[in-house]
Amino acid sequence: MRSWKNGRKWLNFISNSSLLPMPDHKAQLQTIKIIHLGLMAGPAFLGLVAAFLVLDGSDTREPIEVLDYLSPGYFLFAVGIYPILFKSAIKPAKVEGIDLGKKIATYQTGHIIRLALLEGAALFAGVVVVVNGQLLHLITLGLVLAIMFSKLPSPYLLESELGLSPEEKEKLA
């Protein structure tokens, strides 16, 4: 028990220490871009595999009709709810006097929440294509990927979503 308390104190010291080098703000933005593209790759690959399986035509299963309605419904839900969750997640970063590194870290958390909702809708659409054998749901998957691509992090996007000061914009450029 005692070692846990000491370990916890050490962890708090490390996380609050000003001696640790803060990552470069451009590197933070690059990390968010890599995570973003990685989250886009899964649904894109599933869409390709699903299209190949359906076009192969060897499957003769009966489609589950309720999935035809759930896929667009989940898409509409995700597109409707992600802006609300994203804005509530980045709200602490819009307070004056917060370090740019902390703002970017808060933005990264909100961005991952946004992408998780969209990725879920895209993956579900891909699964519906495989299960029901209808390529029509690839449209939903494509729309989600287009939305995700439009939210690819950039200094301009961070500026518009976080309301960065001119000095902070210079640090990202």
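Predicted model: local features only at pLDDT ≥ 70, side-chain atom pairs only at ≥ 80, totals over all residues.

Residues are numbered from 1 along each chain as its sequence is written, and side-chain values use heavy atoms, with hydrogens and water left out.

**Stop 1: α3 and α4**

Select residues 65-90 for α3 and 100-132 for α4. Helices (H or I, at least four residues) are DSSP runs, numbered from the N terminus. The axes of α3 and α4 come within 8 Å and cross at roughly 175 degrees. Axes here are lines fitted to C-alpha atoms, for helices over the stretch in contact, with angles from 0 to 180 degrees between N-to-C directions. That crossing makes α3 roughly antiparallel to α4 (angles over 145 degrees count as such). Now colour the contact by class: 21 nonpolar, 6 polar and 2 charged residues. Ala, Val, Leu, Ile, Met, Phe, Trp, Tyr, Cys and Pro count as nonpolar, Asp, Glu, Lys and Arg as charged, and the others, Gly among them, as polar.

**Stop 2: Leu-100**

Stay in α4 and pick Leu-100. Is Leu-100 buried or exposed? Leu-100 is buried, at a relative accessible area of 2%. Buried means under 20% relative accessible area and exposed over 50%, with partly exposed in between (1.4 Å probe, protein chains only). Show its contacts (heavy atoms within 4.5 Å). Leaving aside neighbours within four places in sequence, Leu-100 touches His-25, Leu-164, Glu-168, Lys-171 and Leu-172. Then draw a C-alpha distance to Glu-167: 9.8 Å, across 67 residues of chain.

**Stop 3: α5**

Select 138-150. α5 has 13 residues and spans 18 Å from first C-alpha to last, close to the 18 Å expected at 1.5 Å a residue. The expected span is 1.5 Å times one less than the number of residues. Thr-140, Leu-141, Val-144, Leu-145, Ile-147 and Met-148 are buried. Look down the axis of α5: these fall within an arc of 160 degrees, so they line one face. The arc is that of the directions from the helix axis to the C-beta atoms. Ile-139 and Phe-149 are exposed on the other side. The buried residues of α5 pack against α2 (25-56), α3 and α4.

**Stop 4: α6**

Select 155-162; Leu-157, Leu-158, Glu-161 and Leu-162 are the buried residues. Their arc is 105 degrees, so they line one face of α6. They pack against α2, α3, α4 and α7 (166-172). End on Gly-163, which follows α6 and has a positive phi, near 65 degrees.

Note on methods. Helix = DSSP H or I, 4+ residues; strand = E, 2+ residues; numbered from the N terminus. Parallel < 35°, antiparallel > 145°, perpendicular 65-115°, else oblique.
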